[in-house]
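Here are my notes on the model you sent. Please read them alongside the structure.

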Amino acid sequence: MGIPFALSLCMQVPDIRPLVTLNEGARFHPAPVATLRSDLGADFDLYLGVKVPGGRRYVLYKSREYDLTKERRRYLIEQGFTTLYITEEDLHRYLGYVDRAVSKVLASEATPRSEKSEILYRTTTSLMKHLFERPDSPVILHTNQKMVSHTVNCLASDPRMLRSLVSMFVFDYSLYHHSVNVATISVGLAFKIGYAAGPELTQLGHGFLFHDIGKSCLPTGLVRKPGALTPTEMVEMQSHPQHGVLLMQDRENMESTALDVILHHHEKISGRGYPHNLSGNEVTMPMRISAVADILDALTSNRSYKAALTGFEALKLMQEQMKYELDGDCIAALIRLLGPSR
Ligand SMILES: [Fe+2]
Ligand SMILES: [Fe+2]
(Lines give C-alpha, C1' and ligand atoms only; values in the text may rest on other atoms or scores of the structure.)
(Ligands and ions follow the chains in the order given, each with its own letter.)
Protein backbone atom coordinates (compact mmCIF):
# COMPACT_ATOMS: atom_id res chain seq x y z
CA MET A 1 0.00 0.00 0.00
CA GLY A 2 1.39 3.40 -0.94
CA ILE A 3 2.13 6.19 1.44
CA PRO A 4 -0.45 8.95 1.25
CA PHE A 5 1.26 12.18 0.37
CA ALA A 6 -0.10 15.64 0.89
CA LEU A 7 1.40 19.05 0.82
CA SER A 8 1.09 21.56 3.53
CA LEU A 9 2.54 25.03 3.43
CA CYS A 10 3.59 27.27 6.23
CA MET A 11 6.13 29.83 7.25
CA GLN A 12 9.47 28.72 8.66
CA VAL A 13 9.24 27.59 12.26
CA PRO A 14 11.57 29.65 14.41
CA ASP A 15 14.05 27.68 16.49
CA ILE A 16 13.01 29.41 19.67
CA ARG A 17 9.80 30.67 21.19
CA PRO A 18 7.23 31.51 20.03
CA LEU A 19 6.36 28.53 17.84
CA VAL A 20 4.17 30.21 15.27
CA THR A 21 3.26 29.17 11.76
CA LEU A 22 0.74 30.58 9.32
CA ASN A 23 -0.59 27.20 8.21
CA GLU A 24 -4.16 27.49 9.49
CA GLY A 25 -2.80 27.70 13.01
CA ALA A 26 -0.79 24.47 12.74
CA ARG A 27 2.47 24.39 14.65
CA PHE A 28 5.25 22.02 13.76
CA HIS A 29 7.81 20.50 16.10
CA PRO A 30 11.09 18.92 15.06
CA ALA A 31 11.35 15.14 15.43
CA PRO A 32 15.00 14.12 14.93
CA VAL A 33 15.38 10.98 12.85
CA ALA A 34 17.60 9.58 15.62
CA THR A 35 14.49 9.46 17.86
CA LEU A 36 12.46 7.57 15.25
CA ARG A 37 12.78 3.80 15.26
CA SER A 38 11.19 1.43 12.82
CA ASP A 39 8.30 -0.90 13.58
CA LEU A 40 7.51 0.53 17.01
CA GLY A 41 4.05 1.91 16.33
CA ALA A 42 4.77 5.48 15.21
CA ASP A 43 1.12 6.54 15.57
CA PHE A 44 1.55 10.13 14.40
CA ASP A 45 1.87 12.01 11.11
CA LEU A 46 5.44 12.70 10.03
CA TYR A 47 6.37 15.57 7.76
CA LEU A 48 9.46 16.37 5.75
CA GLY A 49 10.58 19.98 6.06
CA VAL A 50 11.64 21.44 2.75
CA LYS A 51 13.26 24.85 2.72
CA VAL A 52 11.71 27.24 0.21
CA PRO A 53 12.40 30.94 -0.30
CA GLY A 54 11.06 32.78 2.73
CA GLY A 55 10.12 29.73 4.73
CA ARG A 56 9.72 26.01 4.88
CA ARG A 57 7.24 23.71 3.22
CA TYR A 58 5.98 20.69 5.13
CA VAL A 59 5.29 17.57 3.12
CA LEU A 60 3.48 14.63 4.68
CA TYR A 61 5.84 11.65 4.60
CA LYS A 62 3.82 9.15 6.62
CA SER A 63 0.36 9.40 8.12
CA ARG A 64 -0.45 8.03 11.55
CA GLU A 65 -2.22 4.93 10.19
CA TYR A 66 1.07 3.62 8.84
CA ASP A 67 4.06 2.65 10.94
CA LEU A 68 7.58 3.78 10.15
CA THR A 69 9.00 0.70 8.51
CA LYS A 70 12.69 -0.18 8.22
CA GLU A 71 12.59 0.74 4.52
CA ARG A 72 10.98 4.13 5.13
CA ARG A 73 13.49 4.95 7.88
CA ARG A 74 16.42 3.82 5.73
CA TYR A 75 15.17 6.03 2.90
CA LEU A 76 15.22 9.06 5.19
CA ILE A 77 18.79 8.37 6.27
CA GLU A 78 19.95 7.71 2.70
CA GLN A 79 18.39 10.97 1.55
CA GLY A 80 20.22 12.87 4.28
CA PHE A 81 17.21 13.88 6.40
CA THR A 82 18.22 14.34 10.02
CA THR A 83 14.99 15.96 11.23
CA LEU A 84 11.34 15.40 10.41
CA TYR A 85 8.40 17.33 11.82
CA ILE A 86 5.23 16.61 13.71
CA THR A 87 2.22 18.78 14.37
CA GLU A 88 1.23 20.15 17.76
CA GLU A 89 -1.80 17.85 17.65
CA ASP A 90 0.50 14.80 17.56
CA LEU A 91 2.95 15.99 20.23
CA HIS A 92 1.50 13.72 22.96
CA ARG A 93 1.62 10.69 20.67
CA TYR A 94 5.18 11.45 19.61
CA LEU A 95 6.38 11.91 23.20
CA GLY A 96 4.78 8.62 24.27
CA TYR A 97 6.41 6.94 21.29
CA VAL A 98 9.93 8.25 22.02
CA ASP A 99 9.73 6.94 25.57
CA ARG A 100 8.65 3.52 24.25
CA ALA A 101 11.42 3.60 21.66
CA VAL A 102 14.15 4.59 24.13
CA SER A 103 12.95 1.97 26.65
CA LYS A 104 13.02 -0.74 24.03
CA VAL A 105 16.47 0.14 22.66
CA LEU A 106 18.01 0.43 26.13
CA ALA A 107 16.52 -2.89 27.25
CA SER A 108 17.89 -4.79 24.28
CA GLU A 109 21.04 -6.76 25.05
CA ALA A 110 21.78 -7.09 21.35
CA THR A 111 21.93 -3.34 20.78
CA PRO A 112 25.44 -1.88 20.84
CA ARG A 113 26.33 0.67 23.50
CA SER A 114 26.94 3.34 20.83
CA GLU A 115 23.42 2.95 19.46
CA LYS A 116 21.91 3.13 22.94
CA SER A 117 23.91 6.27 23.66
CA GLU A 118 22.86 7.88 20.43
CA ILE A 119 19.14 7.46 20.96
CA LEU A 120 19.32 8.47 24.63
CA TYR A 121 21.43 11.58 23.99
CA ARG A 122 19.64 12.74 20.83
CA THR A 123 16.22 12.15 22.36
CA THR A 124 17.01 13.93 25.62
CA THR A 125 18.59 16.94 23.89
CA SER A 126 15.61 17.19 21.57
CA LEU A 127 13.20 17.01 24.50
CA MET A 128 15.19 19.64 26.41
CA LYS A 129 15.01 21.94 23.39
CA HIS A 130 11.23 21.50 23.53
CA LEU A 131 11.24 22.26 27.26
CA PHE A 132 13.21 25.49 26.86
CA GLU A 133 10.59 26.53 24.28
CA ARG A 134 7.64 25.34 26.36
CA PRO A 135 8.72 25.15 30.03
CA ASP A 136 5.10 25.12 31.18
CA SER A 137 4.19 21.95 29.27
CA PRO A 138 3.46 19.07 31.71
CA VAL A 139 3.87 16.38 29.03
CA ILE A 140 7.25 17.67 27.82
CA LEU A 141 8.47 17.98 31.42
CA HIS A 142 7.23 14.47 32.23
CA THR A 143 8.93 12.94 29.18
CA ASN A 144 12.19 14.68 30.11
CA GLN A 145 11.87 13.21 33.62
CA LYS A 146 11.55 9.78 32.04
CA MET A 147 14.85 10.36 30.21
CA VAL A 148 16.48 11.08 33.58
CA SER A 149 15.24 7.71 34.85
CA HIS A 150 16.60 6.04 31.72
CA THR A 151 19.99 7.73 32.25
CA VAL A 152 20.17 6.68 35.91
CA ASN A 153 19.16 3.08 35.15
CA CYS A 154 21.47 2.89 32.17
CA LEU A 155 24.55 4.10 34.07
CA ALA A 156 23.66 1.89 37.05
CA SER A 157 23.55 -1.25 34.93
CA ASP A 158 26.48 -0.37 32.66
CA PRO A 159 28.96 2.24 33.96
CA ARG A 160 30.82 2.09 30.62
CA MET A 161 27.83 3.83 29.06
CA LEU A 162 29.13 7.10 30.50
CA ARG A 163 32.09 7.32 28.13
CA SER A 164 29.87 6.27 25.26
CA LEU A 165 27.37 9.02 26.11
CA VAL A 166 30.17 11.59 26.48
CA SER A 167 31.39 10.66 23.00
CA MET A 168 27.98 11.83 21.69
CA PHE A 169 28.19 15.25 23.39
CA VAL A 170 27.77 18.35 21.29
CA PHE A 171 29.89 21.13 22.78
CA ASP A 172 28.12 24.21 21.44
CA TYR A 173 26.92 25.49 24.82
CA SER A 174 23.33 25.68 23.56
CA LEU A 175 21.03 25.50 26.54
CA TYR A 176 19.73 22.05 25.65
CA HIS A 177 23.05 20.40 24.85
CA HIS A 178 24.61 21.99 27.92
CA SER A 179 21.75 20.77 30.14
CA VAL A 180 22.05 17.18 28.98
CA ASN A 181 25.87 17.21 29.12
CA VAL A 182 25.77 18.50 32.70
CA ALA A 183 23.07 16.02 33.74
CA THR A 184 24.93 13.06 32.23
CA ILE A 185 28.26 13.97 33.84
CA SER A 186 26.56 14.76 37.16
CA VAL A 187 24.74 11.42 37.34
CA GLY A 188 27.97 9.59 36.43
CA LEU A 189 29.84 11.57 39.07
CA ALA A 190 27.17 10.88 41.69
CA PHE A 191 27.56 7.13 41.09
CA LYS A 192 31.34 7.46 41.35
CA ILE A 193 30.99 9.28 44.67
CA GLY A 194 28.77 6.58 46.10
CA TYR A 195 25.14 7.36 45.31
CA ALA A 196 23.01 4.38 44.37
CA ALA A 197 20.24 4.24 41.78
CA GLY A 198 16.91 5.09 43.38
CA PRO A 199 14.37 7.85 43.92
CA GLU A 200 16.88 10.24 45.52
CA LEU A 201 19.32 10.08 42.62
CA THR A 202 16.46 10.37 40.14
CA GLN A 203 15.28 13.56 41.85
CA LEU A 204 18.83 14.90 41.81
CA GLY A 205 18.93 14.02 38.12
CA HIS A 206 15.88 16.23 37.59
CA GLY A 207 17.77 19.05 39.26
CA PHE A 208 20.87 18.41 37.12
CA LEU A 209 18.90 18.32 33.86
CA PHE A 210 16.72 21.35 34.61
CA HIS A 211 19.43 23.36 36.39
CA ASP A 212 19.38 26.20 33.81
CA ILE A 213 15.68 26.09 32.89
CA GLY A 214 15.30 29.53 34.47
CA LYS A 215 17.24 30.95 31.50
CA SER A 216 14.09 30.37 29.44
CA CYS A 217 12.66 33.37 31.33
CA LEU A 218 15.49 35.70 30.30
CA PRO A 219 15.78 37.66 27.04
CA THR A 220 17.32 35.54 24.27
CA GLY A 221 19.76 38.33 23.45
CA LEU A 222 21.10 38.21 26.99
CA VAL A 223 21.39 34.42 27.14
CA ARG A 224 23.15 34.26 23.77
CA LYS A 225 25.28 37.37 24.15
CA PRO A 226 28.84 36.58 23.12
CA GLY A 227 31.53 37.96 25.38
CA ALA A 228 31.39 39.64 28.76
CA LEU A 229 28.15 40.86 30.32
CA THR A 230 27.76 44.35 31.77
CA PRO A 231 27.23 44.51 35.57
CA THR A 232 23.49 45.06 35.03
CA GLU A 233 23.27 42.14 32.61
CA MET A 234 25.21 39.99 35.05
CA VAL A 235 22.65 40.67 37.80
CA GLU A 236 19.84 39.67 35.44
CA MET A 237 21.69 36.55 34.29
CA GLN A 238 22.35 35.53 37.88
CA SER A 239 18.62 35.50 38.56
CA HIS A 240 18.18 32.31 36.49
CA PRO A 241 18.37 29.92 39.47
CA GLN A 242 15.44 31.67 41.17
CA HIS A 243 13.49 31.78 37.90
CA GLY A 244 14.15 28.07 37.54
CA VAL A 245 12.70 27.31 40.96
CA LEU A 246 9.63 29.43 40.24
CA LEU A 247 9.10 27.45 37.03
CA MET A 248 9.63 24.03 38.56
CA GLN A 249 8.15 24.26 42.05
CA ASP A 250 4.71 22.69 42.43
CA ARG A 251 5.25 20.68 39.24
CA GLU A 252 4.59 16.98 39.26
CA ASN A 253 7.47 14.82 40.49
CA MET A 254 9.73 17.78 41.30
CA GLU A 255 10.84 17.45 44.91
CA SER A 256 12.88 19.73 47.14
CA THR A 257 16.13 17.84 46.41
CA ALA A 258 15.73 18.71 42.72
CA LEU A 259 14.75 22.31 43.42
CA ASP A 260 17.78 22.69 45.72
CA VAL A 261 20.12 21.80 42.83
CA ILE A 262 18.34 24.26 40.52
CA LEU A 263 18.61 27.05 43.09
CA HIS A 264 22.18 26.41 44.19
CA HIS A 265 24.16 25.04 41.24
CA HIS A 266 26.28 28.23 41.17
CA GLU A 267 27.23 28.20 44.86
CA LYS A 268 30.93 27.80 45.65
CA ILE A 269 32.52 26.41 48.80
CA SER A 270 34.56 29.64 48.99
CA GLY A 271 31.32 31.54 49.55
CA ARG A 272 31.73 33.50 46.31
CA GLY A 273 28.90 31.86 44.41
CA TYR A 274 25.28 32.90 44.02
CA PRO A 275 22.44 33.42 44.73
CA HIS A 276 22.92 32.97 48.49
CA ASN A 277 26.70 32.98 48.95
CA LEU A 278 26.59 29.62 50.70
CA SER A 279 29.99 28.40 51.88
CA GLY A 280 31.75 25.29 53.22
CA ASN A 281 29.36 22.60 54.38
CA GLU A 282 26.34 24.70 53.44
CA VAL A 283 27.18 23.68 49.88
CA THR A 284 25.85 20.13 49.77
CA MET A 285 27.33 17.32 47.70
CA PRO A 286 24.67 17.53 44.93
CA MET A 287 25.36 21.27 44.63
CA ARG A 288 29.11 20.54 44.42
CA ILE A 289 28.57 17.86 41.78
CA SER A 290 26.44 20.12 39.59
CA ALA A 291 28.89 23.03 39.96
CA VAL A 292 31.81 20.85 38.81
CA ALA A 293 29.90 19.38 35.86
CA ASP A 294 28.58 22.82 34.89
CA ILE A 295 32.06 24.35 34.79
CA LEU A 296 33.55 21.39 32.94
CA ASP A 297 30.98 21.74 30.16
CA ALA A 298 31.49 25.51 29.97
CA LEU A 299 35.26 25.10 29.65
CA THR A 300 35.07 22.37 27.02
CA SER A 301 32.38 24.05 24.88
CA ASN A 302 32.98 26.18 21.82
CA ARG A 303 32.06 29.79 22.43
CA SER A 304 32.27 32.61 19.93
CA TYR A 305 34.74 34.50 22.14
CA LYS A 306 37.00 31.69 23.35
CA ALA A 307 38.36 28.40 22.16
CA ALA A 308 37.19 25.23 23.87
CA LEU A 309 39.64 23.45 26.13
CA THR A 310 40.18 19.75 25.77
CA GLY A 311 38.82 17.60 28.58
CA PHE A 312 42.34 17.11 29.88
CA GLU A 313 43.10 20.86 29.86
CA ALA A 314 39.80 21.66 31.55
CA LEU A 315 40.28 19.09 34.32
CA LYS A 316 43.85 20.32 34.90
CA LEU A 317 42.69 23.92 35.10
CA MET A 318 39.90 23.03 37.52
CA GLN A 319 42.29 21.06 39.70
CA GLU A 320 44.97 23.74 39.77
CA GLN A 321 43.06 26.99 39.70
CA MET A 322 39.63 26.26 41.20
CA LYS A 323 40.55 24.15 44.22
CA TYR A 324 39.18 26.78 46.64
CA GLU A 325 35.96 27.16 44.71
CA LEU A 326 35.08 23.58 43.86
CA ASP A 327 35.04 20.30 45.77
CA GLY A 328 38.42 18.58 45.44
CA ASP A 329 36.92 15.10 45.86
CA CYS A 330 34.47 15.80 43.04
CA ILE A 331 37.28 16.93 40.73
CA ALA A 332 39.35 13.86 41.63
CA ALA A 333 36.34 11.60 40.95
CA LEU A 334 35.75 13.37 37.66
CA ILE A 335 39.35 12.74 36.62
CA ARG A 336 38.96 9.04 37.49
CA LEU A 337 35.70 9.00 35.57
CA LEU A 338 36.81 10.75 32.39
CA GLY A 339 40.60 10.50 32.45
CA PRO A 340 42.56 7.95 30.42
CA SER A 341 41.03 4.50 30.78
CA ARG A 342 43.31 1.70 31.88
FE1 LIG B 1 23.33 28.09 35.66
FE1 LIG C 1 24.65 25.53 33.49
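1. Buried residues make up 40% of the 342 residues in the protein. Buried means that 20 or more other C-beta atoms, placed from the backbone, lie within 10 Å of the residue's own; exposed means 12 or fewer, and partly exposed is in between.

2. This is a predicted model: local features need pLDDT of at least 70, side-chain atom pairs count only at pLDDT 80 or more, and totals for chains, interfaces and linings use all residues. Residues are numbered from 1 along each chain as its sequence is written, with chains lettered from A and ligands numbered from 1 in written order.

3. The protein has 14 helices and 5 strands. These are DSSP runs numbered from the N terminus: helices are H or I with at least four residues, strands are E with at least two. The protein is as compact as a globular protein of its length, because its radius of gyration, 21 Å, is close to the 20 Å from the globule rule for 342 residues. The radius is taken over C-alpha atoms, and the rule is 2.2 Å times the number of residues to the power 0.38. The C-alpha trace spans about 65 × 50 × 40 Å along its principal axes.

4. There are two domains to look at: domain 1 (1-94) and domain 2 (112-338). The bounds come from an automatic or database domain assignment. Their C-alpha centres lie 30 Å apart. The contact takes 9 residues from domain 1 and 9 residues from domain 2; residues are in contact if their C-beta atoms, placed from the backbone, lie within 7 Å. On the domain 1 side, strand E2 (residues 28-32) gives the most, with 3 residues.

Technical notes. Two residues are in contact if their C-beta atoms, placed from the backbone, lie within 7 Å.
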